Amino acid sequence: MDAAYPVLLIAHFIGLMLVAAAFLPLLGMMGQAGTAPQTNRLLTRFGHYGIVVLLVSGPLLIWVRYGSFEGISHWFWAKMGFVLLLAVGVVMSAVSARRMRAGDAAAAARGRLGRSIAVVSLLAIVVFAVLAFA
């Protein structure tokens, strides 16, 4: 099992990079209230794959390293709260995407809010991961 940990950690960081690659470029679109933002579907797909990699590798990392979730710090649970918030932001953005591309201003605002939630959550996840596992 000790050999699995570095492989899982690498997979987890790759998942994090995929999510960051999908959402961080969208920061430049946040201030464009008058126009419907154009999203890159390939980057969005990478972000979705990254979330799946993170959701699979994360629990496996805990299991391989600690054997269970007992004794995990409160920082870890705060991080998991932001993981849930990240999922909310991604779902908000994805649900609004089609209408947003058609020019629906309300959907564009919801998509922008979803992306903002996702980006802030992603940054908080990294901070709390450092606090939890430092």
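Biologist: Which helix gives the largest share of the lining of the largest pocket?
Modeller: In this predicted model, the largest share comes from α2, which supplies 9 residues of that lining.

Biologist: And which helices each supply at least two residues there?
Modeller: Those are α1 (4–23), α2, α3 (74–101) and α4 (105–133), each of which contributes at least two residues to the lining of the largest pocket.

Biologist: How many residues line it, and which lie nearest the centre?
Modeller: The lining of the largest pocket is made up of 27 residues, and those nearest its centre are His12, Leu61, Lys79, Ala129 and Phe133. By type, the lining divides into 23 nonpolar, 2 polar and 2 charged residues.

Biologist: How much space lies in that pocket?
Modeller: The largest pocket holds about 690 Å³ of space.

Biologist: Let's switch to Ser57. Where is its place, and is Ser57 buried or exposed?
Modeller: Ser57 sits in helix α2, and it counts as buried because its relative accessible area is 2%, where the cut-off for buried is under 20%.

Biologist: How far apart are Ser57 and His12?
Modeller: Along the sequence they are separated by 45 residues, while in space the distance from C-alpha to C-alpha is 5.7 Å. His12 is also one of the residues that lie nearest the centre of the largest pocket.

Biologist: What about the surface, then: which residues form a nonpolar patch?
Modeller: Val52, Val56, Leu60 and Trp63 form one on the surface, and together they have about 380 Å² of accessible area.

Biologist: Where is the place of Val56?
Modeller: Val56 belongs to helix α2, which covers residues 41–66.

Technical notes. Residues are numbered from 1 along each chain as its sequence is written. This is a predicted model: local features need pLDDT of at least 70, side-chain atom pairs count only at pLDDT 80 or more; totals for chains, interfaces and linings use all residues. Side-chain values use heavy atoms; hydrogens and water are left out. Patches are made of residues with over 30% relative accessible area and no salt bridge: like charges are joined within 9 Å, nonpolar side chains (Val, Leu, Ile, Met, Phe, Trp, Tyr) within 5 Å. Accessible areas come from the Shrake-Rupley method with a 1.4 Å probe; for residues, only the protein chains shown count as cover. A salt bridge is a side-chain nitrogen of Lys or Arg within 4 Å of a carboxyl oxygen of Asp or Glu. Helices (H or I, at least four residues) and strands (E, at least two) are DSSP runs, numbered from the N terminus. On a 1 Å grid over the protein atoms alone, a cavity is a set of points where a 1.4 Å probe fits but cannot get out, and a pocket is an open set with protein on both sides within 12 Å along at least five of seven lines; lining residues have an atom within 4 Å of a point. Grid points are joined across faces, edges and corners, and a volume is the space filled by probe spheres set on the points. Ala, Val, Leu, Ile, Met, Phe, Trp, Tyr, Cys and Pro count as nonpolar, Asp, Glu, Lys and Arg as charged, and the others, Gly among them, as polar. Buried means under 20% relative accessible area, exposed over 50%, partly exposed in between (1.4 Å probe, protein chains only).
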